[in-house]
Each structure stands twice: as structure tokens, then as C-alpha cells.
Amino acid sequence: MNVIIKKDYDEICEQIAEQTIEQIKSKPESLICMPGGDTPLGVFKYLIQKVKEQNIDLSKCSFVSLDEWISLDRSVKGSCIQTLFDELYDKIDIDLQNQVCFFNGKAKDLDVECQRVDKFIFDKGGIDLVVLGIGMNGHIGFNEPGVDTEKYCTIVPLDDVTRSVSVKYFGEQLNLEYGITLGMKHLLGAKDVILIANGTKKADIVKAVVQGEVSNKVPASLIRNIEKSQLFVDEEAASKL
Ligand code: F6R
């Protein structure tokens, strides 16, 4: 894994947006996976801007969302899908019916929901580029500490850290117990993986991801097994390396 330290979050976001554009230019039918949460918001801003400025044709590419809180849908501010639609999908010229796949956190049969998203990914030959934030406990998507690395899409009990951090999205403690997520098999099988961590609060987990052992106890550390993966950190998040 290549660790790239940038001055600040803004620089990280501009570079990742540019890399995403390059990916689409080199393979117009790329399947791209973006996360929810706070980390990708700057990437989305630059991506929208660059797509317009460079007149990028998005008509052949597809997007798959990384994960969702079970029991939430787009009506809940802070859900992954609300973030992705409001901050990205609705602001670019794509066919929302056919080019976007996301988890329905309210699906009646969650196993079928996993199979549906698996099929979308398999039909496209796997993920070309996945951008990931890193949780305070080292999770990626909802692949929590102790993750089973043999899963494709899967339903997972949420870690206590994830549940307590969730207040920042919802403004209150919702009783969220499970997540639905692309599993490690999809993430480790992606052709290109970019991790992002910014801010002082991520410094400890960044140190564990980069300098600790590669272990399912810190799921993001598993990305080190992918030689050409990249971890972008700002100076604050890199401060303990
Ligand atoms: C969000 C997701 C999570 C977040 C991670 C970091 O869809 O899958 O893994 O990327 O918890 O969250 P933020 O970006 O809010 O610091």
C-alpha cells in the first residue's frame, strides 16, 4: 500500500477526484464504489466540478454504494444513501435507475438484498475503483473488527464504536444494530482501492492501519495486502506515523 501524505483534506479530495476521472476516461464502463459518511464529501465536490469542466461522459459507467444502516432509507438524513444521492448522484448526469446500485436498508429479505447487489457487481466484472473512509475502529464499509474476510455482500452487527460515532450523522443515538455492506471479498477483489483518512481524530487508527499488524482486528489494515492500493492522509491524520 502506498501511503500518500498531503497537506490538507482539500488536496486529498482534488487528487482522488482527478484519479476517478482518469479511471472513467481509461475505462468508460468502470464500476465505481463510493462510501457515505463525512470523508468523501470533498471528493464528491471536486468530482462534480471536474466532470462539468472536462465534459466527462458518464453514460457508460456505474456506481455501487458501499453500505447502509439496516432500517434506514433515503428519508433519514445521515443515511448512506441520502448522502450519496444528495451530494453526488443527483448532481451528475447519470441514469439513476440503471447506473446506480445501492442497498435498501429496509429490504424485507436482507439476504436477497445482498444477492441483488452481489449480482450487480459480478455482472460488471467486479469493482474497478473503490474509495473508502476509515472508521475510528478501523472498519471499512461496515466490515467491523474481527471481520470474516470470505464474505461478499453481508449483514453485520455493528461494533459499539460505530454505534456511538453514528450520533454525528443523526444528531441523536438511533437504535441501529446492524449494517449491510460490501464484504471484504468485494473490497479486496477491487482492481483499485483508495483509502482516505483526515483529521487528528484519525491519527491513532491510521498508525494502527499503517504500522500495526495486518489483521482482521483492524479491517483497513487488510488493504495493505493489495500492493497497488493507496492511503491518502492529511498531515493531521499522519501525525503519529
Ligand atoms: C460509510 C462507511 C464507513 C465510513 C467510516 C468513516 O459509508 O462505510 O466505513 O467510511 O466510518 O466515517 P467518516 O467518513 O464519517 O469519518
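**Fold and ligand site, in conversation**

Student: How many helices and strands are there in the protein chain?
Tutor: Keep in mind that we're looking at a predicted model. Going through the protein chain, you'll find ten strands, and the helices number eight.

Student: What is the radius of gyration of the protein chain, and what does the globule rule give for 241 residues?
Tutor: The C-alpha atoms fill a box of roughly 40 × 40 × 35 Å along the principal axes. The globule rule gives 18 Å for 241 residues and the chain comes close to that, so it is as compact as a globular protein of that length, with a radius of gyration of 16 Å.

Student: Which polar side-chain atom lies 2.4 Å from an oxygen atom of the ligand?
Tutor: Let's go through the contacts. A polar backbone atom of Asp38 sits 3.0 Å from a ligand oxygen, and a side-chain N or O atom of Lys168 is 2.7 Å from one. The 2.4 Å pair belongs to the side chain of Thr39.

Student: What share of the ligand does the protein bury?
Tutor: On its own, the ligand exposes 400 Å². Its space is the largest cavity. Of that exposed area, the protein buries 94%.

Student: How many residues of the shell around the ligand are charged?
Tutor: The ligand has 16 residues around it, with Asp67, His139 and Tyr169 among the closest. Sorting the shell gives five nonpolar and seven polar residues, and the charged ones come to four.

How values were computed: Residues are numbered from 1 along each chain as its sequence is written. This is a predicted model: local features need pLDDT of at least 70, side-chain atom pairs count only at pLDDT 80 or more; totals for chains, interfaces and linings use all residues. Side-chain values use heavy atoms; hydrogens and water are left out. A residue is near a molecule or strand if one of its heavy atoms lies within 4 Å of it. A polar contact is a pair of N or O atoms within 3.5 Å; within protein, one must be able to donate a hydrogen and the other to accept it, and residues adjacent in sequence count only if both atoms are side-chain atoms. Accessible areas come from the Shrake-Rupley method with a 1.4 Å probe; for residues, only the protein chains shown count as cover. On a 1 Å grid over the protein atoms alone, a cavity is a set of points where a 1.4 Å probe fits but cannot get out, and a pocket is an open set with protein on both sides within 12 Å along at least five of seven lines; lining residues have an atom within 4 Å of a point. A molecule sits in a cavity or pocket if more than half of its atoms lie within 2 Å of its grid points. Ala, Val, Leu, Ile, Met, Phe, Trp, Tyr, Cys and Pro count as nonpolar, Asp, Glu, Lys and Arg as charged, and the others, Gly among them, as polar. Helices (H or I, at least four residues) and strands (E, at least two) are DSSP runs, numbered from the N terminus. The radius of gyration is taken over C-alpha atoms; the globule rule is 2.2 Å times the number of residues to the power 0.38.
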